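Hello,

Here is the structure I promised to pass on. Have a look at it first, and then read on for what turned up in it.

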Amino acid sequence: MKKRPATVRMARWSAAHPWSAIGLWTLFVFLCLALGGAAGTDSISDEESGVGGSGRAGRIVASGDFRTVAEENVLITAVRGGPLDVPVARGAAKEVGRRMRALPEVESVGRAQTSPDATAILVPVTMKGDPETADARVPALLDQSAAVEQAHPGLRVEQVGTGSTAKGLTETLGEDFRRAEFISLPLTLVIMLVVFGAVIAAGVPVALALSSVAAAMGLSSLVSHLMPATSAIGNVILLMGMAVGVDYSLFYLKREREERRRGRADAIEIAAETSGHTVVVSGSTVIVAMAGLYLAGESTFSSLATGSIIVVAVAVLASLTVLPALLAKLGRWVDRPRIPFLWRMTMRSGPSRVWPALLRPALSRPFATLAVSVGALLLLALPALDMRLKQPGSDDLSRDIPVVRAMDRLTAAFPSEGTIHQVAVRAPAEQAGQARAALNGLVQRAAQDRLFAHDRRPAVRASADGRVHTVDIGTPFSPKSDGARESLDTLRSWLPQAVSAVPGAEYGVGGKVAQGTDFTAHLEERLPWVVGFVLLLTLAAMGAIFRSVAIALSATALNLLSAAASFGVLVAVFQNTWAERLLDFRSSGAVVSWLPLFLFVVLFGLSMDYHVFVVSRIREAAGTGLSTRDAVREGITRSAGVVTSAAIVMVGVFSVFGTLSMVEFKQLGVGLAVAILIDAVVIRVFVLPALMTVLGTWNWWPGRVEP
């Protein structure tokens, strides 16, 4: 007897021992959460995250083991703007200092400073304790600032600093993500109710997706101690986990339901052999595609790849193990309780009339349909040729956030507190005097140049062992401006000459501007390697799955076309201003630099879900002896319900991320939603059927379809 596939054997065991399978899965999720929570998450440090000259500067500074403290800036300005009533403002500043010194959270209070234009007074405050937890201790300081403001009606007293900025952004952005989670879960459940028409059937994919996300969160915390995690890892796990977790369960559950309606007693095994196999292939392809991010050679991408791989692997495992057990235990109860209208709609028998009508142009006039649809997608892709990349920064934050407005007022009055270039030099300890002199000379030169801030003289800091010296030099320009970039280039051109007299010196210029510039340059250098890897992977995977060169080439070409069109839409929306009010963002004239690479890899991986599933059904139909045209019609029509439902879930989840305040998540959500929409509608309804009809029996070359 022919040995059954592993997916069938797993499903058979789970169905025969449902409580054991469910119990083991529950234990697995619990252990992942418990162990991950106990271990905590090891985040990426400055030493690990930087590339280029800014990365070198970060490593030099880290080697100096400087004491880091939480610093707060209390800013006093006139409520109506303009010059201050200086005596009144100085009195308020003295009161701020007196109140702050009385707090146990405060280590010291610096001398009040008046801005050059006399529009603001700044009181620097240093907090006690770990800077990482300053946001938890800063409310006591904020209360004192608020009390001073209340006592001086004509003045605005606000704080910007380590704790207050983190607290202000966390409150706003945290509320954003809570709202996204609150919307995405009910939205997914509603879509599942429409798909299945029954509450339990709708809840199973959502429950499995949530459990997969929970387990992946715990596992990613454990893995972070081997490969440190980026701060965005939780959001990416949620995004990917809900999308693929629901989709994989949906593929499986729909096929089992279809076979059960036909009276098959072995419906679970059939679903395991067909949809289960598709889930394994799709999941494996997504995993290997995400592994392409490791070729970027950057810790943030490595972390995103690791988190995505973990959650996809866990979602596949859930579909192959606990899902058959749930279906076996629930039996026909999976279709209870029924929602009358929706249930009748989902159980409607007879061939679909909608999909044959939609496919008619592609099947009856394949050449014309192929030319028009491909031409339309190429037009959508055109704006991508003008794509500009930039790192996100404070310029991209919503001005509705109070602390962001305070940051704007602070940098306007004291430019040296805004955009900072961090210059770092490391040399033998006996050269400490020369290193300090070199940096003081650099500061003196910057003081005479318009590209740099002149409201205060930068101070050179030295490490305890005298080996590392740093100085922060401010510029009056915003981080994304041409002026900021010009000031960076100027500093980098001056620095080699400044330290030329220091034997054995290593040096670099860091800071947000340098990090963004170096990161973008690094990605542009690594992009061809990642893209080439993913394209070769797609060719190899599709060729191995279908044993067809034609299918492999067409799948790669269609995925490229879909990705290019989505990039074009992304550029058209976010590099211009016409959609600002619609999507509530402020255009920086660029796309977030890490997004195209990540988006490309994710899109290629997720597109394989649909492509493998649809082409598998077409091949099944062709194996029954149907002509290519009829097999395409039969395969797409029979898979339409599942693929459409899966696409709607993905578009819904991704669109919710498009409502977030942070521009990188907004671009990610919109980019993914548009790409899935293009792939599930334009590619599947027009391009794929037209192309396969044109190719005919050549679709399966050099192999053939066997009945």
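Two rings of Phe, Tyr or Trp (for Trp, its six-membered ring) count as an aromatic pair if their centres lie within 6.5 Å. Please keep in mind that this is a predicted model. With that criterion, a search of the whole structure comes up with seven aromatic pairs.

Let me begin with two of these pairs. In the pair of Phe574 and Phe585, the ring centres are 4.8 Å apart and the planes make an angle of 50 degrees, so the pair is tilted. This pair links distant parts of the chain, its two residues being eleven residues apart. Phe574 belongs to helix 21 (residues 549-574), while Phe585 sits in the loop between helix 22 (580-583) and strand 11 (591-592).

Lys254 lies over the face of Phe196, 5.8 Å from the ring centre. Arg461 lies over the face of Phe66, at 4.6 Å from the ring centre.

Four strands make up an open sheet with antiparallel pairing, in the order 8-9-7-10. Strand 8 and strand 10 (506-510) stand at the edges with a single partner strand each, so one side of each has no neighbour in the sheet.

What does strand 9 pair with? On one hand there is strand 7 (residues 419-426), which pairs with strand 9 in the antiparallel sense over eight bridges. Two of the bridge partners to look for are Thr419 with Thr475 and Gln422 with Asp472. On the other hand there is strand 8 (residues 461-462), antiparallel to strand 9 over two bridges. Strands 8 and 9 form a hairpin with five residues between them, and Gly466 in its turn has a positive phi of about 75 degrees. Strand 9 itself (residues 468-475) is mostly covered, with seven of its eight residues buried.

Now to the nonpolar interior. In soluble globular proteins, nonpolar side chains tend to be buried together. In this model, the largest nonpolar core has 154 residues, and the members that touch the most others are Met192, Tyr248, Phe301, Trp594, Phe598, Phe654 and Leu668. Helix 23 (residues 595-623) gives the most to this core, with 19 residues. Another core, of 24 residues, lies apart from it and includes Leu488, Trp494, Leu495 and Val499.

Leaving out residues up to four places away in sequence, Tyr248 touches Val279, Ser282, Gly283, Val286, Val312, Ala315, Val316, Ser319 and Asp609.

Helix 25 is worth a look as well. This helix covers residues 663-695 and bends by about 60 degrees at Ile683. Helix 25 is mostly covered, with 26 of its 33 residues buried. Just after the helix, Gly696 takes a positive phi of about 60 degrees.

Which residues does Ser224 contact, leaving aside its neighbours within four places in sequence? They are Gly40, Thr41, Asp42 and Ala229. Ser224 lies in the loop between helix 9 (199-223) and helix 10 (233-261), and Ala229 lies in the loop between those helices too. Ser224 is buried, with a relative accessible area of 1%, and Ala229 also counts as buried, at 7%. With neighbours within four places again set aside, the contacts of Ala229 are Thr41, Asp42, Ser43, Ile44, Ser224 and Ser303. For a sense of scale, Ala229 and Val614 are 385 residues apart in sequence and 35 Å apart in space, C-alpha to C-alpha.

Terms used: Residues are numbered from 1 along each chain as its sequence is written. This is a predicted model: local features need pLDDT of at least 70, side-chain atom pairs count only at pLDDT 80 or more; totals for chains, interfaces and linings use all residues. Side-chain values use heavy atoms; hydrogens and water are left out. The bend at a residue is the angle between axes fitted to the seven residues ending there and the seven starting there. Buried means under 20% relative accessible area, exposed over 50%, partly exposed in between (1.4 Å probe, protein chains only). A nonpolar core is a set of buried Ala, Val, Leu, Ile, Met, Phe, Trp, Tyr and Cys residues joined through side-chain atoms within 4.5 Å. Contact means heavy atoms within 4.5 Å. Two strands pair if DSSP finds at least two bridges between them. Rings of Phe, Tyr and Trp (its six-membered ring) pair if their centres lie within 6.5 Å; planes under 30 degrees apart count as stacked, over 60 as edge-to-face and the rest as tilted. A charge sits over a ring if NZ of Lys or CZ of Arg is within 6 Å of the ring centre and within 35 degrees of the ring normal.
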